[in-house]
Structure formats: C-alpha cells, structure tokens
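Have the coordinates open as you read.

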Amino acid sequence: MTTSATTLRVVIPRPLYQAYDYDCSEQPLPDVGCRVRVPLGPHSLVGIVVERGVTSEFDTLRPIEAILDTHPLFDRQLLELLQWASVYYHHPIGEVLFASLPKRLRKGLPLLQNFAWHLNCDDLTVARQETKRAKRQSELLEQLAVNSLTEAQLTSLHLGKWRSPMKALAEKGFARREVVAPKARNQSLEHPNQHLITLSEEQEQCMTQLLANITESPLKPVLVHGITGSGKTEIYLRAIKSVLTQGKQALLMIPEIGLTPQLFQRFCDFFPNQTVVALHSGLNDLERAQNWQSAHTGEADIVVGTRSSIFCGFQNLGMIIIDEEHDGSFKQQETFKYHARDLAVKRASQLKIPIILGSATPALETLLNAERKRYHYLLLNQRPGSRTRPKTKLIDTRDQTLDAGVSKSLLAEVDNQIKDGNQVMLFLNRRGFAPVLLCTQCGWHAICPACDADMTFHSSRHKVICHHCDFQQTVSSQCPSCKNPQLSTQGHGTERVENLLCANFPDTLVVRIDRDTTSRKGELAKKLDIVRSGKPVILIGTQMLTKGHDFPNLTLVGILDIDQALFSADYRAQEQLAQQVVQVSGRAGRGDKPGLVVLQTSQPEHPMLNQLLSKGYRAVAQQFLVERQAWQYPPFGFQALVRANAPPFEVGLVFLQTLKNDLKPVLEAGQGDVNLMGPMPSPLEKRANRYRYQLLVSSTRRSSLHCFLDQLISAIQSIKKPKELRFTVDVDPTNFM
Ligand code: ADP
Ligand code: ZN
Ligand code: ZN
C-alpha cells in the first residue's frame with residue numbers, strides 16, 4: 001500500500017470495471033480529466049486521469065509516459081455523469097469514458113487549433129466578378145461578406161464541402177485564415193435574433209407557461225406534447241434564446257437521421273450572429289473533433305446533435321432540448337447501451353438546468369412521468385394558422401386487388417393529388433424489392449447461410465441481401481435446387497412499389513428514400529432538396545421519411561403495410577406502431593392545403609388502430625399504460641437483458657444457464673422481487689454465424705434490479721468463459737431481437 005501525492009488513478013480504454021494506478025514524476029501533475037499516456041504490459045495506451053493522490057494497494061507503481069493535456073477534457077460534472085452511467089448501465093468505465101470522445105482525441109492527438117475565415121478584400125465587386133463562375137466560391141464569399149466564420153461553423157453549414165473552394169478563395173487573395181482565441185462565455189446575446197414567424201395564440205401560451213415553469217421549478221423536466229405540425233421548433237428556438245441571453249450554451253438533441261439541412265438552417269436563420277454547430281455520424285473524424293471542441297471551449301453557442309452529443313463537454317451549458325424524445329435511435333444498441341434521453345435528464349438535473357422533451361407521440365415512460373407530476377406537461381393541440389390536422393381514411397385490403405401491395409383506391413387518390421400539383425408520400429417500412437425469393441416448383445427459398453433467415457431480393461442490383469448481416473449473393477437465373485428457370489418473389493418492398501409508381505405515373509418524378517438510395521454522403525440532402533422545391537413528386541420510403549420532415553406541399557400520405565406489426569409478439573411493437581402511424585400521418589397537410597392519410601390494412605377492426613384513429617395517441621398510450629401496469633412491464637417494472645452468443649450451437653445457452661445457477665443463492669437470499677426468465681434462444685437465434693441466447697432479469701423495483709445486476713456482473717467475472725463467447729448486459733432494453 002502506498003499513498004502519495006503523485007499517484008494517479010487512470011482509466012484506460014479496455015473493457016474493465018476498474019482503473020489503474022500510476023506514478024507521475026512530472027510537475028505540474030495533470031488535472032483530473034486530462035489524458036495521459038501510460039504503459040500496460042508491453043503496450044502504450046491513452047488513459048484518462050480520474051483521481052490524484054490516491055492510496056494504491058500496490059507498493060510499486062509504473063510511471064506514466066507522458067501528459068497529453070494541459071487542461072482537462074472532462075470537467076468534474078461530466079466525469080461524474082460518465083461514472084454514474086458506467087454504474088447504472090453496468091458497463092466498464094474505460095469503454096464509457098472513451099466512447100464519449102471523438103476518435104482523434106481517443107487516439108491521443110492534441111486538441112485542434114481553432115481557426116476562423118475572414119473576408120480579405122476591400123472591393124467586393126472585384127471578388128464577385130472573379131468568382132462569378134465558381135458557385136461554391138461565390139457562396140462562401142457572400143457568407144464571409146456578412147460574417148467571419150469559424151471552421152466548425154463552416155463544417156456545420158456546408159455539411160463538409162467547403163475546404164477546397166475556400167482554398168481557392170484564399171489563393172485569389174479574397175479570404176484569410178486566423179487563429180481564434182477561446183471565447184469568454186459570460187456576455188449576453190449581443191445581436192438580437194430574428195423573429196421570422198409570429199407565434200400563434202396557442203404557441204404563445206405554451207411559451208409563457210414554459211418560461212414560467214423553468215423559472216419557478218427549473219429542476220423539473222418539461223414535456224411539450226405537440227401534435228405533428230404544431231410548431232414545436234418555434235418553441236425550441238425561443239426557449240434557447242432565453243438561455244443564450246444569459247451567456248449560456250444550449251444542446252438540441254435530435255434522432256439519428258432527423259437532422260435535415262432545413263432544420264439546421266432554421267437555427268442559423270433564427271440566430272444569425274450565434275455559432276450553431278452540428279454533431280452527427282455524417283461528419284468525418286476531423287470535423288467531429290472540431291465541432292466537439294468548439295462546444296468544449298465555449299465557442300459554440302448551440303450544438304445540434306444526435307445521441308452521442310449527450311457526452312459533449314460544454315463550457316457553460318444552460319439548457320437541453322430533446323426533439324422527438326420517443327425516438328428509438330436515442331438508445332445505443334451496440335457495446336455501451338445507454339439511452340441518451342435518460343442520460344440527458346440525469347445531466348440536466350446534475351447541472352440544475354432546464355430540460356425540455358418534445359414529441360407528438362411521447363414515450364410511455366415520459367407520459368407516466370408527466371402523469372405522476374414529475375414532469376411539467378404542456379400541450380400544443382393545433383396547427384398554427386388555418387391549417388388543420390389531416391383526415392384519415394382506412395382501406396380494407398381484403399376487398400381490393402393489390403398491385404405491389406398498393407390498392408386501386410390509393411392509386412386513384414395519388415392520381416388526384418398529383419393532378420392538383422401536390423406531393424404524395426407512400427410509407428412502407430421494408431426496403432428492397434421483395435422479402436422472399438423462392439421457387440414455386442420445389443419450395444426452395446433464398447436463405448442466408450449465416451443467419452437462417454430469408455434474404456431480401458434487390459432487383460436493381462440483381463442480388464439477394466441479408467438484412468441481418470448484410471451477406472450478399474448474386475441471383476442466378478434458375479432455381480439452385482431443381483433448375484426451374486422461373487424464380488418467384490413474395491411480398492413487397494420500397495423498390496417494388498417504386499417500379500409500380502414509375503409505371504403508373506410516367507410523367508411524375510418518383511423519389512425513393514431508404515438506406516439503399518441514401519447511403520452515399522449528400523444523397524439524402526439532394527433528394528430532400530427536390531421535395532423541398534415543392535414540385536409534384538411521389539415519395540416512397542421507409543421510416544427515414546417519418547422523422548421531422550416538413551414538406552409544405554405534401555397533401556397525401558399512404559401507409560401501405562402495418563399488418564405484421566399489429567400482431568408482433570414484442571410488447572413494445574404496438575407502442576412503436578402507434579407512434580409511427582401518427583408520425584408518418586403528420587407529414588400530410590403541413591402547408592396551406594389540407595392533408596389526407598390513407599391507411600391500408602387487412603385488419604380495419606383492430607381495436608388499437610381504431611382507437612388511435614378515433615381518439616388519438618394519448619388515449620391509446622393510456623390504454624398501453626394500463627396493460628403495462630397489469631403485466632408489471634416497463635415503465636412500471638424494470639428490466640435488463642443478458643445476451644450471450646458464440647459460433648457453436650448452445651455455447652451461449654450453457655453460459656447463461658451456468659450464470660443462472662450461480663445466481664440461485666443470490667435470488668433466494670433476496671426479497672423475492674427479482675425474476676429471471678430464460679435462458680432462451682433470441683427471436684433471431686442464428687445471426688452472422690453465431691447462435692444467440694438471452695436471459696431476462698426483471699424486478700418491480702429499480703434498486704433491487706441494480707443490486708442484483710452488481711452480483712450478476714461479479715458472477716460473470718468468476719465464470720470460466722470459452723474464448724469465442726460474447727456477452728452483453730443491456731439495462732432498460734428496447735430491442736429483444
Ligand atoms: P412540429 O415540429 O411541431 O411538427 P414544425 O415546428 O416543423 O412542427 O412546424 C410546422 C410548420 O409550421 C413549419 O413549416 C413552420 O415553419 C410552420 N409554423 C410554425 N409555427 C408557425 C406560426 N406561428 N405561424 C406560421 N407558421 C408556423
Ligand atoms: Zn445473414
Ligand atoms: Zn426449385
């Protein structure tokens with residue numbers, strides 16, 4: 001045992017629950033939250049200092065190799081949040097801390113210098129003349145003429161493509177680059193923002209109430225339940241303004257693919273003199289690091305980011321807003337399985353700053369919190385101006401002949417709308433041409449050899465692709481089993497509907513939006529631009545279309561196939577379906593023209609569907625809550641899912657069985673309020689050549705669940721595990737596949 005002022009406790013990027021102790025002979029000692037380079041066995045790793053002057057159980061400690069930061073990357077509160085997350089999600093601290101950093105910083109690279117670009121000419125007319133033929137250069141020139149811009153701002157505004165035109169401008173002598181000093185975050189908003197839109201009476205009331213709520217009880221989260229198209233974004237903008245005027249920063253969190261250039265532009269237009277930066281997976285490592293750093297140093301006033309932005313460091317964070325708070329993408333499904341909304345609520349309470357959750361279809365957890373008065377509840381029940389909610393029509397597919405899954409009546413509606421110069425959106429949550437490729441003579445199916453699941457036929461690529469593991473195979477011209485030259489398909493995906501639409505509406509532009517048509521950078525933005533132009537188009541797409549889009553000229557939404565989801569075994573599927581139907585429907589009639597939603601189903605009498613259409617989401621959610629309470633499912637009960645998988649059959653099962661046996665004494669000694677279900681095969685038992693199993697832990701008390709999980713983690717550590725075994729613990733799981 002040694003206690004020394006120079007002993008550092010360091011977290012390293014390994015799946016370990018504990019930190020390591022090192023000695024530091026350099027002075028001054030690195031602060032808590034700084035990165036250091038440390039030896040581990042024969043390796044040299046980047047670590048993060050979490051404590052100084054600790055008592056170590058070891059007598060001799062290895063010295064650190066280098067100090068990498070002069071100022072901490074994590075402040076005390078962020079470090080506390082991450083440590084709390086590690087405990088709550090029972091996930092190794094090393095992976096938690098490192099998951100929160102941009103890759104460049106994880107690798108030990110130094111912080112970037114912050115540069116800004118300025119206009120460098122007295123006579124704009126000359127510069128304009130000389131850049132006339134270069135579109136990007138002249139756009140950049142005009143922007144610099146209004147304002148100097150930091151590189152983080154440029155990256156966010158131009159979604160990455162500004163470097164080469166800017167270089168050209170600099171070479172012509174019209175722009176110059178300078179280092180910017182960190183901004184002191186204590187002045188108030190210097191330039192007034194622009195009120196481009198006058199709030200409706202309902203929005204005005206909501207705003208007044210919201211500001212009163214966060215002044216009177218800033219620690220209580222606010223739920224803004226606003227129907228689709230009710231103008232929630234206008235509320236967010238003004239709420240953010242209220243914290244910027246105090247010199248603070250704001251974080252707006254949005255779903256994975258919800259960040260459209262339009263939303264970003266709305267923020268830039270509203271706050272022309274503030275720095276708005278984006279943080280999402282579409283950025284490269286350099287851009288990510290730059291934007292992260294601009295929040296960290298205080299340069300950015302507003303960060304608009306997806307899930308992982310909850311870990312972003314801020315100089316002086318004053319508010320968090322979560323748009324579409326019900327969205328599944330806030331839960332990370334790989335490695336460190338955190339829920340960004342839940343962590344945001346935690347972070348806000350720790351920092352004692354307001355948090356606003358907004359949605360047209362709040363999650364059941366959130367509604368229950370509002371019902372129990374833990375959250376303020378604000379309702380926006382109208383669309384501003386003379387706009388009304390869309391009307392809904394059910395089409396019973398049992399009475400209709402379908403072509404590629406589309407009924408004649410729906411096609412007729414599409415025709416009507418297009419003739420009137422409007423836009424149409426058809427929603428089908430399945431990409432590809434058809435989910436099954438088969439031989440009707442011998443019964444052969446195209447099955448993924450790695451997953452034991454049907455592969456989806458993609459006709460444009462002439463391939464079958466496994467949507468679980470991405471295994472791909474070119475389709476042969478005959479049945480591989482009986483040589484029948486005629487293969488058939490079953491079911492339909494977006495590609496097939498696209499073909500049908502192109503054939504039926506040869507003079508209208510058909511735009512397909514799904515993962516296949518938008519995988520290249522910039523493709524989605526390009527397609528959205530076409531739709532934004534307002535000319536008649538027919539959109540066909542997957543759930544990518546449901547998130548937040550605002551197309552004023554879109555009047556008809558067709559929902560093609562929800563029957564499967566109506567009968568799913570997953571208890572969350574109904575909640576998700578109801579949310580999806582409301583969200584997709586909400587894309588219709590957002591502009592001046594009224595909207596219509598056509599819902600095709602073979603189950604028009606389905607009680608949930610009927611209640612949703614006649615009484616609305618709140619009523620359905622209420623019903624779900626009653627059922628969840630009866631079953632003690634979340635949010636009334638608490639769950640964790642232990643998953644295990646390995647290439648050989650049943651290795652994961654044996655591991656989970658051993659774990660369960662080892663935990664028997666713990667269960668018996670407990671209060672009887674923890675239950676184990678399983679182990680059992682996962683619904684998708686074989687995936688990517690691994691056999692998968694799961695064990696569900698549930699309890700009516702959160703604290704009991706977590707006590708039990710502590711024991712479970714130590715039990716796991718003492719079980720001898722085969723090398724090929726992988727396991728995870730998922731707290732508050734949302735995906736049971
Ligand atoms: P939500 O996020 O609630 O679905 P949005 O904030 O996207 O809705 O607003 C929907 C549309 O209504 C947008 O085009 C927006 O510009 C417009 N809008 C919002 N508030 C007003 C208002 N007070 N007056 C006129 N138009 C408004
Ligand atoms: Zn597969
Ligand atoms: Zn055959």
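A quick definition to begin with: donors here are N, O and S atoms within 2.8 Å of the metal. With that in hand, the donor residues of the zinc ion (ligand 3) are spaced C-x2-C-x36-C-x2-C in sequence. Keep in mind that this is a predicted model.

The zinc ion (ligand 3) is held by the SG atoms of Cys-439, Cys-442, Cys-479 and Cys-482. Within this set, Cys-442 and Cys-482 tie together distant parts of the chain, 40 residues apart. Cys-442 sits in the loop between strand 22 (436-438) and strand 23 (456-458), while Cys-482 is in the loop between strand 25 (472-474) and strand 26 (488-490).

The zinc ion (ligand 2) has its own four cysteines: Cys-448, Cys-451, Cys-466 and Cys-469, again through SG. Along the chain, these donors follow the spacing C-x2-C-x14-C-x2-C. Here the pair linking distant parts of the chain is Cys-451, in the loop between strand 22 and strand 23, and Cys-469, in the loop between strand 24 (463-465) and strand 25, 18 residues apart.

The geometry of the two sites looks like this:

| Site | Donor distances | Angles among 4 donor atoms | Arrangement |
|---|---|---|---|
| zinc ion (ligand 3) | 2.2 to 2.4 Å | 106 to 112° | tetrahedral |
| zinc ion (ligand 2) | 2.2 to 2.3 Å | 105 to 113° | tetrahedral |

Why is the arrangement around the zinc ion (ligand 2) called tetrahedral? Because its 4 donor atoms subtend angles of 105 to 113°, and four donors count as tetrahedral if all angles lie between 85 and 135 degrees. For reference, the ideal angle for four tetrahedral donors is 109.5 degrees.

How about burial? Cys-451 has a relative accessible area of 1%, so this residue is buried. Cys-469 comes in at 26% and therefore counts as partly exposed.

**Around ligand 1**

Which residues come nearest to ligand 1? Of the 18 around it, they are Thr-198, Gln-203, Gly-229, Lys-232 and Asp-550. A polar side-chain atom of Asp-550 lies 2.4 Å from an oxygen atom of ligand 1, and one of Lys-232 lies 2.9 Å from an oxygen atom of the ligand. The backbone gets involved as well: a polar backbone atom of Ser-230 is 3.3 Å from a ligand oxygen.

**The nonpolar cores**

The largest nonpolar core has 113 residues, and the members touching the most others are Ile-310, Ile-320, Leu-659 and Leu-712. Helix 23 (residues 702-718) gives the most to this core, with 7 residues. Take Leu-659: leaving aside residues up to four places away in sequence, Leu-659 touches Val-642, Leu-695, Leu-712, Ala-715, Ile-716 and Ile-719. Apart from this core lies another, of 32 residues, including Ile-240, Phe-267, Ile-302 and Ile-356.

**A histidine in a loop**

Last stop: His-91, in the loop between helix 1 (76-88) and helix 2 (93-99). Is His-91 buried or exposed? At 10% relative accessibility His-91 counts as buried, because the cut-off for that is under 20%. The side chains of His-91 and Glu-95 are joined by a polar contact of 2.7 Å. Not counting residues up to four places away in sequence, His-91 also touches Tyr-17, Ser-86, Val-96, Thr-335 and Phe-336.

Conventions. Residues numbered from 1 in each chain as written. Chains lettered and ligands numbered in written order. Predicted model: local features only at pLDDT ≥ 70, side-chain atom pairs only at ≥ 80, totals over all residues. Heavy atoms only, no water. Core = buried A, V, L, I, M, F, W, Y, C linked by side-chain atoms within 4.5 Å. Buried < 20%, exposed > 50% of the residue type's maximum accessible area, 1.4 Å probe, protein only. Helix = DSSP H or I, 4+ residues; strand = E, 2+ residues; numbered from the N terminus. Contact = heavy atoms within 4.5 Å. Polar contact = N/O pair within 3.5 Å; in protein donor to acceptor, adjacent residues only side chain to side chain. Donors = N, O, S within 2.8 Å, 3.2 Å for Na, K, Ca; no water. Tetrahedral: all angles 85-135°; square planar, octahedral: opposite > 155°, others 65-115°. Near = heavy atom within 4 Å.
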